[in-house]
Amino acid sequence: MLVKAVILIGGNQKGTRFRPLSLDLPKPLFAVAGFPIIQHHIEACVQIPFLKEIIILGYYAVSEMSQFVLDMVQLYKINIRYLQEFEPLGTAGGLYHFRDQIRCGNPDFFFVLNGDVCADFPLTEMLEFHKTHGEKQKAIVTLMATEATRQQSLIYGCIVENKENNTLEHYVEKPSTFISTLINCGVYIFSPEVFHQMANVFNKKQMDFYNVENGSSIEREALYLEKEILMPLAGTGKALVYQTIKWWSQLKTPGAAIYANRHYLNLFRERRPERLAKSVQPTIIGDVYIHATANVHPTAVLGPNVSIGAHATIGYGTRIKESIVLAHSRILDHSLVLYSIIGANSEIGCWTRVEGTPCDPNPDKPFAKMENAPLFNEEGKLNPSITILGNNVTIPSEVIVRNSIVLPHKELTRSYNNEIIL
């Protein structure tokens, strides 16, 4: 048996809600729990039996991804390639455009993972499910699903499952009224036969393009997995639903990165405990990742759920909790950082407080997911959220920055509260 995996990462026109963290770095390479977002995907993929190749698909420039891909090949000893789309092709257009690359070697199955989800990926279990149930139903796709709240389900792809044979009965992408609490996780297993379905959709689009005046050349090439592939397959018995109860979340906003950081650190405790810091000095509370090149003063107190990036400096008496500190940043003596992301090459002065507001799922609602709330409320005011410092931001000593977003290359001179510093 031969298996491949494809990771869809989009491009610069996507990930705008992740700014300012994606202004200087492709969003898929942003470090969560000390490692780039899609490295967590790759780590999950390399555990799949009979995996031969991982293809990363997007429309970032090759120059932005090449070093990362080279590092991953050397680290995991598996063939990993980045394929750049010539233009944004939708969630299935890139798969169809590079179908010969994906089918090369005649894989029996291939995984497709959206790059903006984070999870305890049950890929091996999902593969077994697809092999076992797929043969009976002659299915060409299995999609991973999880429970959400009734209200939150409206912002996801909603699934109606036939419980008797686990087939997809009905699928609606972001419905206007309630359909189901079972939602699409953006993780799939396909049999190569799915390309016949894609070819039918693609050929129809070509015919429509030539039969309609002023047709869009971009829409002519673009294919959408959810609306043009999954929806027509619903009710045919050719699409299966694999429901997981493991942790899953989207990663659309910086607030979601803090939430994902916590859960990936928790997974490290279970599976990769050597990655977590263990020391009396500095004081470590809960799960904390400290890069080997970081310089942390013995009097600092870190945790729970803190990641410290490469070559970062953490000063005397510093307290950091529920935060991500990126590479080459400096947090000077006696400063406090709570629920914040500190951009690369930034500096926080002495006795300074940088604090955000957690935006975690409601713990009183079963199956609640991250609320990717808009930046501003109905009154035009900034919604309380984590504090974000872009790259190369300088904050002076003895100030407070609370619930604010600071764009890169800013040098603050005073305290800020609920503001965007442009």
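Tyr96 has a relative accessibility of 8% and therefore counts as buried, since the limit for buried is under 20%. This residue belongs to a predicted model, in which 9 aromatic pairs are present.

**Tyr96 and its partners**

- The ring centres of Tyr96 and Phe202 are 4.9 Å apart and the planes stand at 40°, so this pair is classed as tilted.
- Tyr96 is part of helix 3 (residues 90–97) and Phe202 is part of helix 6 (residues 194–211), so the pair ties together parts that are 106 residues apart in sequence.
- Phe202 also counts as buried, because its relative accessibility is 15%.
- Over the face of Tyr96 lies Arg99, at 4.0 Å from the ring centre.

**Phe35 and Phe268**

- A pair of aromatic rings is described by the distance of the centres and the angle of the planes.
- Among the 9 aromatic pairs is that of Phe35 and Phe268, with centres 5.8 Å apart and planes at 90°, so the arrangement is edge-to-face.
- This pair joins distant parts of the chain: Phe35 is in strand 3 (residues 35–36), Phe268 is in helix 9 (residues 254–271), and the two residues are 233 residues apart.
- Phe35 counts as buried because its relative accessibility is 14%.
- Phe268 likewise counts as buried, with a relative accessibility of 4%.
- The charged end of Arg275 is placed over the ring of Phe268, 5.0 Å from the ring centre.

**A cluster of rings**

- Phe110, Tyr188, Phe190 and Phe195 form a cluster, linked by ring pairs.

- Strand 32 pairs with strand 30 (residues 405–406) in the parallel sense, over 2 bridges.
- Val406 has Ile421, in strand 32, as its bridge partner.

Technical notes:
Residues are numbered from 1 along each chain as its sequence is written. This is a predicted model: local features need pLDDT of at least 70, side-chain atom pairs count only at pLDDT 80 or more; totals for chains, interfaces and linings use all residues. Side-chain values use heavy atoms; hydrogens and water are left out. Rings of Phe, Tyr and Trp (its six-membered ring) pair if their centres lie within 6.5 Å; planes under 30 degrees apart count as stacked, over 60 as edge-to-face and the rest as tilted. Helices (H or I, at least four residues) and strands (E, at least two) are DSSP runs, numbered from the N terminus. Buried means under 20% relative accessible area, exposed over 50%, partly exposed in between (1.4 Å probe, protein chains only). A charge sits over a ring if NZ of Lys or CZ of Arg is within 6 Å of the ring centre and within 35 degrees of the ring normal. Two strands pair if DSSP finds at least two bridges between them.
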